[in-house]
Amino acid sequence: MPATVTTHGTIAGTPLGLATAQTCTLVGLEPRPIRVEACSTRGPAFFQMVGLAHAAVRESRVRVASALARLGILLDEYAITVNLAPADLKKSAAALDLALAAAVLGSIGAVPSGPLGDILLLGELSLDGTLRPIRGVLPQLDGARRRGIRRAIVPVENRAEAGLVGQVATHVATCLEDVVAHLSGTRTLPLASRPPFAPREQTAEGDLSDVRGQAMARRALEIAAAGGHNLLMLGPPGGGKTLLARLLPSILPPLTYAEAIETTAVHSVVGLVEPERGIVLSRPFRAPHHSVSEAGLVGGGEIPRPGEVSLAHNGVLFLDELPEFRRDALEALRSPLEDGRVCIARAKARAWFPARPLVVAAMNRCPCGNLGHPTRSCRCTEKQRRAYLGRLSGPLLDRLDVHVSLPPVDVAALTSDARGESSATVRERVQRAREIQTKRRTLGKTSVACNAVLRAKDLEAVAPLDGRSKTLLQEAAERLGLSARAFAKVVRVARTIADLEGSDAVRATHVAEAVQARLVDRELLP
């Protein structure tokens, strides 16, 4: 049971009751255990709390007192002191309410005494004692499992998410009265069961066969999906950049169970998980407006929360009108795109969030968008063009693996009855390429299951270049001035192209196509 009642002497003849309960709080995705210690004596009524509690936690004493009053337990005759240990960790979640109530009940003897055991209490209380759902149940229970805790109680609305964590017997409750009955042994709370995992087909606005023309862009989209490569689309307004980006989820393979758990943990922290499902079943697609702040894009805040790049983990992050984004927000993306995670540093703690989305960026060649258009005239001055492109740094563009130019769509293509390949057809090829990459990791040839994040030693093992390919790549690197990072990205893209063709070896034709993906308007980009 979650509360242990002990009596340690008296104060002026008044028995001193002590009780403890276990709960936790999240710092990023890392659960930090909290021990709630309650001390009660008979005497002038007061309820004080110590232990670096945030406003939401300090206010919990009001919710606890009201919930206990609904059970007929008044605290008017008790002097209660609550300590939240460790004292130097800031507590900020209302999820501590249930543990606080249990500790107070234990200290006044309202629940039976006994050993504390390995039980975790999570839940926010309403004034009438109803348990409200909380955020971050999955990472908190998983952290409890790693610490050896094998029992827990959570609100009933979190039952589906709680069922994802094995090795922890998680009971679900609707109100504080049910919890008290369970702790007293008069009633047993039901257990959360694991929800079924049936990944959804990726949703998109239409089908790839709806796209007219743009064969090069369709090919770039397929390569990006097959290897998890970041993509930059450059072209005039109306060329189909936004449509193609929104169709990308339709050719991505479904989430694996491991990916779904990772994605659910991030979404759970911000309350985006559907309560009845408890798990994210499709790859996320996030398309923030270009006015988004740095904290909104990469995460931050007084209480660290994940940003769009983390909410798109294992999915797609679409940045439309790339140069219109704030410079500081875009530059903050550089580290997550390279490392696959975000670190939010604060004075007393650091919060980590995963950040491995497939980034798709779209932009025009100039502010008016008509530069290079065959029939429209550009109205921008050279100074305006330079200022527009100067908003993007070379290091940021270097992290976008594939660059593709979208010309204006020909009218004949728009009126033609001919249709391109469907999303389902392209997705089959993408799935086969992903399976090849997964198999290489299974066989120990690589340490990752996605070509986009192959390390240098992995590239040497799975993408050795023959003499012709080396010569071609060396000439291209010298002519284009490729950085070491861009050089490695070309090899990774070539490996993906070979996988799409089912080729074990990376040949010169694969390298040539990968180099072509770095040739788009190089003179226009910083």
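A residue counts as buried when its relative accessible area is under 20%. Keep that cut-off handy for this tour of a predicted model.

**Stop 1: helix α4.** Select residues 137-146, which make up helix α4. This helix is mostly covered, with seven of its ten residues buried. Which ones are buried in α4? Colour V137, L138, P139, Q140, L141, G143 and A144, and you have them. While you look, remember that an α-helix has 3.6 residues a turn, so residues three or four places apart point the same way. Then step on to G148, which follows α4 and has a positive phi, near 95°.

**Stop 2: the loop at G43.** Now jump back to G43, in the loop that links β3 (30-42) with β4 (46-50). Is G43 buried, exposed or partly exposed? Its relative accessible area is 30%, so G43 counts as partly exposed. Next, show E77 and Y78: G43 touches both of them, leaving aside residues up to four places away in sequence.

Stop 3: Rolling a probe the size of a water molecule over the atoms shows where empty space is left. Across the whole structure, a search turns up one cavity of 30 Å³ or more. The largest cavity holds about 40 Å³ of space. To find the spot, select L319, L322, L333, L337, V359, A361, L396 and L400, which line the largest cavity. What kind of residues are in that lining? Eight are nonpolar, with no polar and no charged residues.

Terms used: Residues numbered from 1 in each chain as written. Predicted model: local features only at pLDDT ≥ 70, side-chain atom pairs only at ≥ 80, totals over all residues. Heavy atoms only, no water. Helix = DSSP H or I, 4+ residues; strand = E, 2+ residues; numbered from the N terminus. Buried < 20%, exposed > 50% of the residue type's maximum accessible area, 1.4 Å probe, protein only. Contact = heavy atoms within 4.5 Å. 1 Å grid on protein atoms, 1.4 Å probe; cavity = no way out; pocket = protein on both sides within 12 Å on 5 of 7 lines; lining within 4 Å. Points joined across faces, edges and corners; volume = space filled by probe spheres on them. Nonpolar A, V, L, I, M, F, W, Y, C, P; charged D, E, K, R; others polar.
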